[in-house]
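Trainee: Could we go through this structure together, one topic at a time? I would like to learn how to read such a model.

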Amino acid sequence: MFGDVMFLGRAMFADAAFAKAARFDKAVFNASAMFDRATFNGDTTFSGATAALARDHAWPDGWHLEVSPEGEGQLAPDSAEGKPSGDT
């Protein structure tokens with residue numbers, strides 16, 4: 001759905017409701033990304049998604065921003081299985 005998309009300005013998904021799968025694979029968030037209170041009813045992936053550091057972000061539940069030694073931010077699931085915590 002949003003794979004390989006570059007968000008140049010603020011990406012505002014606060015309170016959004018995704019009825020089906022939401023794919024943000026390889027998306028680039030160059031400014032703030034807000035997913036607070038967003039709901040996801042299908043598989044949600046952020047594989048390879050990156051985000052600008054030192055910006056305000058509110059990631060969906062079960063996701064966080066990891067910073068590499070090179071100083072790049074990449075989204076990662078909270079669980080070791082590669083899915084956000086709480087997903088089955």
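**Salt bridges and beyond**

Trainee: How many salt bridges does a search of the whole structure find?

Mentor: A search of the whole structure finds two salt bridges. A salt bridge is a side-chain nitrogen of Lys or Arg within 4 Å of a carboxyl oxygen of Asp or Glu. Please keep in mind that this is a predicted model, in which local features need pLDDT of at least 70 and side-chain atom pairs count only at pLDDT 80 or more, while totals for chains, interfaces and linings use all residues. Residues are numbered from 1 along each chain as its sequence is written, and side-chain values use heavy atoms, with hydrogens and water left out.

Trainee: Which residue does R37 meet at 2.8 Å?

Mentor: The partner of R37 is D15, and their side chains form a salt bridge with an N to O distance of 2.8 Å. This pair links distant parts of the chain, 22 residues apart: R37 is in the loop between β6 and β7 (39-40), and D15 is in the loop between β2 and β3 (17-18). Strands (E, at least two residues) and helices (H or I, at least four) are DSSP runs, numbered from the N terminus.

Trainee: And what about D36?

Mentor: The side chain of D36 meets that of R37 in a salt bridge of 3.3 Å, N to O.

Trainee: Is R37 buried or exposed?

Mentor: R37 is exposed, at a relative accessible area of 55%. D15 is partly exposed at 49%, and D36 is partly exposed at 28%. Buried means under 20% relative accessible area, exposed means over 50%, and partly exposed lies in between (1.4 Å probe, protein chains only).

Trainee: New topic: how many aromatic pairs are there?

Mentor: The search of the whole structure finds 19 aromatic pairs. Rings of Phe, Tyr and Trp (its six-membered ring) pair if their centres lie within 6.5 Å; planes under 30 degrees apart count as stacked, over 60 as edge-to-face and the rest as tilted. One of the pairs is F2 with F7, which is tilted, with 6.2 Å centre to centre and 45° between the planes. F2 counts as partly exposed at 22% relative accessibility, whereas F7 is buried at 13%.

Trainee: How are F18 and F40 arranged?

Mentor: F18 and F40 are stacked, with 4.8 Å centre to centre and 5° between the planes. F18 lies in strand β3 and F40 in strand β7, so the pair ties together parts that are 22 residues apart in sequence. F18 is buried, with a relative accessible area of 9%, and F40 is partly exposed at 23%.

Trainee: Which residues form the aromatic cluster?

Mentor: One aromatic cluster is formed by F2, F7, F13, F18, F24, F29, F35, F40, F46, W59 and W63.

Trainee: Let us turn to the strands. How many are in the chain?

Mentor: The chain has twelve strands and zero helices. Five of the strands form an open sheet in the order β1-β5-β9-β12-β11, with mixed pairing. β1 (6-7) and β11 (63-67) stand at the edges with a single partner strand each, so one side of each is left without a neighbour in the sheet. Two strands pair if DSSP finds at least two bridges between them.

Trainee: How do β9 and β12 run?

Mentor: Strand β9 (residues 50-51) and strand β12 (residues 73-77) run antiparallel and are joined by two bridges. T50 has Q74 as its bridge partner in β12.

Trainee: What is the order of the open sheet of three strands?

Mentor: The order is β2-β6-β10, and the pairing is parallel. β2 (11-12) and β10 (57-58) are at the edges, each with a single partner strand, so one side of each has no neighbour in the sheet. Two bridges join β6 (residues 33-34) to β10, and A33 has H57 as its bridge partner there.

Trainee: Finally, where does K26 lie?

Mentor: K26 is in the loop between β4 (22-23) and β5 (28-29). K26 is exposed, at a relative accessible area of 53%. Leaving aside neighbours within four places in sequence, K26 is in contact (heavy atoms within 4.5 Å) with D4, V5, S47, G48 and A49.
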